[in-house]
Amino acid sequence: MRFEIITIFPEFFTGFFEHGVVRRALKDGLVSVGVQDLREFTHDRHRTVDDRPFGGGEGMVLKPEPLAEALESLGIAAKAERGLSPPTLAPEKTRQDGAPHSVAGTQAVEEGAVAGTRVILLSAQGLRFTQATARALLPLERVVLLCGRYEGVDERINSLYCDMELSIGDYVLSGGELAAAVVMDAMTRLVPGVLGNEASSEFESFGITDSEISADEIGVPRSQHGSGGLLDYPHYTRPAEFGGLAAPEVLLSGDHQQIRRWRREQQLRKTLENRPDLLDRAQLSDEDRRMLVSLGWQPVGWPSRGRRQG
Ligand code: 6GU
């Protein structure tokens, strides 16, 4: 997987590339990255990348010419000129309700049968980037991350070059740089070999629940969406007592069946507490449901449209 980042703050990413999983993936050649300084594609004395918005209003807009030049320098033509161009990710064809197979990016990847390059505009106006988006983009050879700045990017760049527009959440950031780092981090973790095992994607695609598979078989943290769509369980390490709080006894018991049950219950509790919305789409066993109901959960539509077996 190759990432190309187009930004007016190239130095922003240096620390990000030099730490943790991303650093190792880069060092091992499992992913690679190029950072394009947008100012390198200007031609005036002041290296101007922005201009005032037509129609007036606050702030500045990133000019189209340097962005187009930066993209062309990466061998990326306008969509209309790309051979075997994939369909643009039409908003009306993309649902944001989290339903399966409605993931931002999925369609473009699936229909653009040949894995290739996609240009992604990062902006608060984009489709929401989720774990499923990260997974859907993984077959690509190259992902170009165009970091918006100021009040926006001239929309013609979006129209002419961008395959999709992504947002990382419902808040306003000063620019797309943090979002680009988020997208690259989330995707890099999914590249086979990066986390030292190939089990996690298999695990996710089969939606196996924590109660059915041991930590050793998985070998990666079962965080949200990697564990049947639930939040992760709490973790403890030595010392067994800290700040007057003992680590849960069951975790020291060596009883792995009990440990799995406890962790599953903790996942359900945490998800109910912090992200009850995830429960409506999580993969839940009958036992999970009984547990959740005993904790006060009311399934969507309950009791009139409560889920029934068969
Ligand atoms: Cl990708 N950009 C900006 N400017 N704000 C955001 C965002 C992106 N995602 C959430 N908020």
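Strand 5 (residues 117-128) supplies the largest share of the shell around the ligand, four residues; strands (E, at least two residues) and helices (H or I, at least four) are DSSP runs numbered from the N terminus. The model is predicted: local features need pLDDT of at least 70, side-chain atom pairs count only at pLDDT 80 or more, and totals for chains, interfaces and linings use all residues. Residues are numbered from 1 along each chain as its sequence is written.

In total, 14 residues surround the ligand, and the closest are L122, A124, S167, L173 and A179; a residue is near a molecule if its C-beta atom, placed from the backbone, lies within 6 Å of it. By class, this shell has seven nonpolar, seven polar and no charged residues. Here Ala, Val, Leu, Ile, Met, Phe, Trp, Tyr, Cys and Pro count as nonpolar, Asp, Glu, Lys and Arg as charged, and the others, Gly among them, as polar.

Elsewhere, P10 lies in the loop between strand 1 (2-7) and helix 1 (14-17). Leaving aside neighbours within four places in sequence, P10 is in contact with V35 and D37, contact being defined as C-beta atoms, placed from the backbone, within 7 Å. P10 and R39 are 29 residues apart in sequence and 9.9 Å apart in space, C-alpha to C-alpha.

E265, L268 and L272 in helix 10 meet D288, M291 and L292 in helix 12. By class, this contact has four nonpolar, no polar and two charged residues.

Notes:
Two residues are in contact if their C-beta atoms, placed from the backbone, lie within 7 Å.
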